[in-house]
Amino acid sequence: MRPNVDDPGRLIAHRGASRAAPENTLSAVAAAAAQGVWWIEFDVSLLGDGTPVIHHDETLDRCTTWTGSIASLEAGDLPGIFAGRGHGPAFASEPLPTLDQMLDLLGSLDFHANLEIKRHDQPLGAVSEKVAKALVARPWTQRGIIVSSFDLDELAALRRLMPNQPIAGLWTRPPPDWRAHLDALNAAALHLNFREISRSLLAEAASFGFDVRVYTINEPRVMVAFRELGLTGVITDHPPLFQEDQDWADWSES
Ligand code: G3P
Ligand code: MG
């Protein structure tokens, strides 16, 4: 039996509700909750001292008030760094969250989430070790969090540490042997770029019992046919696009 989350994960806010609030922040979780969405995707990167934080890029330049490599920071630097860059005064003091802070907020709100590991230049297994420690300390995550990564070696490292954690293989375009990779990881799901989905891939995944979710889709009409064919979920920057589309209305009920 492949470990899986206890909710199908249909409408998932990408980096939190990242059109309504700065991506990968606690406010982006609050924004998803305000939209009536109880699933988010977020990215985990390591600071130089090994502290896991919620951040997408290898550098701080795009999303924060700081510059340079994320690996040049340590936890003591975080109080002086803000993650609402470009989002105006309302988010001027938005913290760059640690993984512990993010998981505690999600747990308190009964969220489900897709935790995506960003390895960047870290040695193999370094991010997984920190992620495993944070998840093991919070038993709800064993059915509430699905871990993914584009780095399949890193996912294998996580699997060695966590035999029962739900895992999703993540690709832009899945390779021809994607099913062998998912089997080797004992993964429950396949996550891929929405532009690369096909009827045949969806049918094959369904026949082998894999959930399939697509990122980052902000055009509901493009995905309607795949929804009918058994697509499990969508990862979107702006869930109201789907909530306001009648073909997706039942995916918006929480
Ligand atoms: O996990 C789905 C999606 O977030 C992958 O791409 O670059 O937005 O992390 P990216
Ligand atoms: Mg991501």
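1. Which strands and helices do the buried residues of helix 3 pack against? They pack against strand 2 (39–46), helix 2 (99–108), strand 4 (112–117), helix 4 (141–144), strand 5 (145–149) and helix 5 (152–161), where contact means heavy atoms within 4.5 Å. Helix 3 itself covers residues 126–136, and its buried residues are A126, V127, S128, V131, A132, A134 and L135; buried means under 20% relative accessible area, with a 1.4 Å probe and protein chains only.

2. This is a predicted model, in which local features need pLDDT of at least 70 and side-chain atom pairs count only at pLDDT 80 or more, while totals for chains, interfaces and linings use all residues. Residues are numbered from 1 along each chain as its sequence is written, chains are lettered from A and ligands numbered from 1 in the order in which they are written, and side-chain values use heavy atoms, with hydrogens and water left out.

3. The chain holds nine helices and nine strands, which are DSSP runs numbered from the N terminus (helices H or I, at least four residues; strands E, at least two). Of its 254 residues, 55% count as buried.

4. Along its principal axes, the C-alpha trace of the chain spans about 50 × 40 × 30 Å.

Technical notes. Buried means under 20% relative accessible area, exposed over 50%, partly exposed in between (1.4 Å probe, protein chains only).
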